[in-house]
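Open the model in your viewer and keep the selection panel at hand. The tour below goes stop by stop: what to select, then what is there.

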Amino acid sequence: MALLLAGDVGGTKTILRLVETDSRTPQAVELQPLYEAQYASRDFTDLVPMVETFLGASGLNRRPDRACFGIAGPVAHGTSRLTNLGWFLEVDRLIQALEIPHVELINDFAAVGYGIPVLEAVDLKVLQPAKADPLAPIGILGAGTGLGEGFLIPTGEPGRYRAFSTEGGHTDFAPRSALEWELHNYLQERYQIDRVSVERIVSGQGIVGIYQFLRDRQTGHENSTVAQAIRTWEQEMGRSEKSIDPGAIIARAALEESDALCEQAMNLFVAAYGAEAGNLALKLLPYGGLYVAGGIAAKILPLLDRGQFLFHFGSKGRVSELLENVPVSVVLNPQVGLLGAAVCAAQLG
């Protein structure tokens, strides 16, 4: 049995997990968890002392055979710089310092990608059923703090894929209505920017931006609780950690149907999310499946399941029929990235 170390490394927290497997292309049930712990990233000067603390606490008397860390930031040529932490990670240094023969650094959204093929049915909510083609690409997007987009391609070995992250969330937002054009222009003026990316709309900050746009457009009365949350959030702009998440408050009010302005904001958000999912699907034709991950989708599942997400996903003019055969699912497992890091580690060496 190979001992694997998987990590989900973020600016605020890092989760580490030890698992065993006897397969290079494991299913989720073949990744046997042994020990897991979460740490505040800022409590450590580097990943190495954190991992050493973790391994010491695990009680195991052997070093991992392979390790993979999903990093919340860009990874290039085996290196990654986490700006908010001041960490600079290098594969060669980690191999030597941790005495682990095989180490890989991957973008956190690539880690999500590796986790997708081993998810169980309970980890998914199907929005559009269709037969998946095992030889076709798989598409992934997920709104959270930002908007991640990526894809997987089959390697030719049964059940094995290679995952790629992209910067698709930073492509241009394409307004499709007069209201969305107003939103586009509002954000340009508010943030004094030359262009508006999709991530400005389809993300946690996007929910807040949409709400502010509708509020300032005088489309409804503002709830005092939401107003206070946004004021606090605005005062904390520029801080690496914030005490409040107004996007979550807006989404909750929409789910509870307790505030009309929040409902309007989330309807516009879901429409833009669905449209961008359709844009990604047209570029990839992911007949292996399109998966909606990220921190927001599972929390607003009833809103995604009402039909507007799929309506805007499939509204692509004369090529709309192409998307009818794309299986679309929402990822419900919040640790899919950690699971994916373990899958990636299993394939090393």
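**Stop 1**

At 19% relative accessibility, arginine 215 counts as buried, because the cut-off for buried is under 20%. Keep in mind that this is a predicted model.

Glutamate 222 and arginine 215 form a salt bridge, with 3.8 Å between the closest N and O atoms. Glutamate 222 is partly exposed, at 23% relative accessibility.

**Stop 2: Arginine 17**

Select arginine 17, in strand S2. Is arginine 17 buried or exposed? Arginine 17 counts as buried, at 13% relative accessibility.

Show the side chain of glutamate 36 next. A salt bridge joins the side chains of arginine 17 and glutamate 36, at 2.8 Å from N to O. This pair links distant parts of the chain: arginine 17 sits in strand S2 (residues 13-21) and glutamate 36 in strand S3 (residues 32-40), 19 residues apart. Glutamate 36 is partly exposed, with 38% relative accessibility.

Which side chain makes a polar contact with the side chain of arginine 17 at 2.5 Å? Select glutamine 335: the polar contact is with its side chain. Then show the surroundings. Leaving out residues up to four places away in sequence, arginine 17 touches Leu4, Leu5, Ala6, Tyr35, Glu36, Phe54, Gln335 and Leu338.

**Stop 3: Arginine 63 and glutamate 52**

Select arginine 63 and glutamate 52. Their side chains meet in a salt bridge, 2.9 Å from N to O.

**Stop 4: Helix H7**

Select residues 246-256, which form helix H7. Which residues of H7 are buried? They are Pro246, Gly247, Ile249, Ile250, Ala251, Ala253 and Ala254. Now bring in the neighbours. The cover over the buried residues of H7 includes helix H5 (204-216), helix H6 (224-235), helix H8 (260-284) and helix H10 (301-304).

Look at the N-terminal end of H7. Aspartate 245 caps it, with a side-chain oxygen 3.1 Å from the backbone nitrogen of glycine 247. Then step past the helix to glutamate 257, which follows H7 and has a positive phi, near 55°.

**Stop 5: The second largest pocket**

Select Glu104, Ile106, Tyr114, Arg162 and Ala163. Of the 17 residues that line the second largest pocket, these lie nearest its centre. The space in this pocket is about 370 Å³.

Colour the lining by element. Strand S7 (102-107), helix H3 (108-115) and strand S11 (161-166) each supply at least two residues of the lining. Which element gives the largest share? S11 does, with five residues.

The lining of the second largest pocket has 10 nonpolar residues, four polar and three charged.

Key: Residues are numbered from 1 along each chain as its sequence is written. This is a predicted model: local features need pLDDT of at least 70, side-chain atom pairs count only at pLDDT 80 or more; totals for chains, interfaces and linings use all residues. Side-chain values use heavy atoms; hydrogens and water are left out. A salt bridge is a side-chain nitrogen of Lys or Arg within 4 Å of a carboxyl oxygen of Asp or Glu. Helices (H or I, at least four residues) and strands (E, at least two) are DSSP runs, numbered from the N terminus. Buried means under 20% relative accessible area, exposed over 50%, partly exposed in between (1.4 Å probe, protein chains only). Contact means heavy atoms within 4.5 Å. A polar contact is a pair of N or O atoms within 3.5 Å; within protein, one must be able to donate a hydrogen and the other to accept it, and residues adjacent in sequence count only if both atoms are side-chain atoms. On a 1 Å grid over the protein atoms alone, a cavity is a set of points where a 1.4 Å probe fits but cannot get out, and a pocket is an open set with protein on both sides within 12 Å along at least five of seven lines; lining residues have an atom within 4 Å of a point. Grid points are joined across faces, edges and corners, and a volume is the space filled by probe spheres set on the points. Ala, Val, Leu, Ile, Met, Phe, Trp, Tyr, Cys and Pro count as nonpolar, Asp, Glu, Lys and Arg as charged, and the others, Gly among them, as polar.
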